[in-house]
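Welcome! Take a moment with the view below before reading on.

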Amino acid sequence: MRMTARPQNVHQARLLRLLRDEGPRSRAELGDVVRLSRSKLAVELDRLVELGLVEGAGLAASRGGRRSGIVRLSPRLRFVAFDIGATSIDVAVTDGELEVLGHVNEPCDVRQGATAVLDRALDLLGKLRDQGLIDGQVHGTGIGVPGPVSFRDGMPVVPPIMPGWDRFPVRDAIGQELGCPVLVDNDVNLMALGELTSGVARSVDDFLLVKIGTGIGCGIVVDGSIYRGVSGSAGDIGHIRVDDGGPVCACGNAGCLEAYFGGAALARDATAAAASGESAHLAALLETHGELTGEHVSLAAAAGDPASVRIIREGGRHVGQVLAGLVSFFNPGLVIIAGGVAGLGHTLLAEIRSVVYRRSAPLATGNLPIVLSELAGAAGVVGGARLISDHVFSTA
Ligand SMILES: [Zn+2]
């Protein structure tokens, strides 16, 4: 099996990332940015061409004098991303510039266990291969899973909603299967990297992404990179305590943020509002569907159901309470709200904003946009490709 080509020094790594982020550039422009002499730059670029990572693409317009050759990343470069959620799976293929060439999504229960779910991901990748999207080698694969991950070991560690995944060697298993470098991370971190790459955080180096879905988690980006903490659990905000006297959480403690808001809490509160007669709208939805989900609350709220609007406002208030603390502590340049519950839209956003702006220090919120995710379903796969390309385009 052919090894994936990697840069051999920091100059080559820098050139590859530049071409990834900025697209094709003339040799003259690259020379200006990386501050290498013309001859030294030529040596590094020639080496990247030999490695099959870069190729020539014609001549640039003259800047006076000799016309400079344009170089670009090889159009044969391919990154793969698996974004495994609690209830769905996304697989995508990108080129070297992280443009998504193909993306498939289907429902998938993560509780089927590692082997079944990863086999399904590989099947979906096969479909993309059959469409002719991969011409030869995969250069790297980034994988997101909905639970805590040991980034160093490339495996989930005691993930609460992923039975059968504890310490399963995801990185090594997929690396062997695809013959390329693989990195595994928490799905929230991948979403944050996705927004940094081609979403709302494109021009922001320090930000938080709060994902509210089945659980609640937070991606922390510091100086353009994910902050993972000492053991990889940074951003696990779903179990921050909101109120000692609150509802009991799935983790066994009382009053966690997740016990107030998120998929399960929304279903619980909506069902209660239907049963108590507070909401005829939710009662009708319950009758039709046999159970209620966050999506039903969103539909009912959009139709003007006051109980659903109340549930969303209360949820937003609790998220805002925790977020106000995080904002005071971290002083981010942007907060992104993402995940299934982001579909609750502007009612939720308005409530979160009002609490955060009221409770955090003015210096921290003076210029703090709080916005909904732009990429929605594609954030995770774009982030997966970004994660692995950062690794492949480095000397680490
Ligand atoms: Zn908890």
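## Confidence in the model

Among the elements of the chain, which has the lowest mean pLDDT and which the highest? Helix α13 (residues 362-365) has the lowest, at 80, while strand β4 (residues 79-84) has the highest, at 98.

Keep in mind that this is a predicted model. For the chain, the mean pLDDT is 92, and 98% of the residues reach 70 or more.

## Where α10 meets α11

Let's turn to helix α10 (residues 294-302) and helix α11 (residues 306-330), whose axes come within 7 Å and cross at roughly 120°. The two helices are therefore oblique to each other. The crossing of α10 past α11 is left-handed.

On the α10 side, the contact is made by Val297, Ala300 and Ala301; α11 contributes Ser308, Val309, Ile311 and Ile312. Sorted by class, the residues of this contact are six nonpolar and one polar, with no charged ones.

## Where α11 meets α12

Helix α12 (residues 345-359) is another partner of α11: their axes come within 7 Å and cross at roughly 35°. Here α11 passes α12 in a right-handed crossing.

Residues of α11 in this contact include Val309, Ile312, Arg313, Gly316 and Leu323. Among those they meet on the α12 side are Thr347, Leu348, Glu351, Ile352 and Arg359. The contact of α11 with α12 has 10 nonpolar, four polar and four charged residues.

Conventions:
Residues are numbered from 1 along each chain as its sequence is written. This is a predicted model: local features need pLDDT of at least 70, side-chain atom pairs count only at pLDDT 80 or more; totals for chains, interfaces and linings use all residues. Side-chain values use heavy atoms; hydrogens and water are left out. Axes are lines fitted to C-alpha atoms, for helices over the stretch in contact, and angles run from 0 to 180 degrees between N-to-C directions. Helices (H or I, at least four residues) and strands (E, at least two) are DSSP runs, numbered from the N terminus. Angles under 35 degrees count as roughly parallel, over 145 as roughly antiparallel, 65 to 115 as roughly perpendicular and the rest as oblique. A crossing is left-handed if the near helix is turned anticlockwise from the far one by less than a right angle, and right-handed if clockwise. Contact means heavy atoms within 4.5 Å. Ala, Val, Leu, Ile, Met, Phe, Trp, Tyr, Cys and Pro count as nonpolar, Asp, Glu, Lys and Arg as charged, and the others, Gly among them, as polar. pLDDT is the predictor's confidence in each residue, from 0 to 100.
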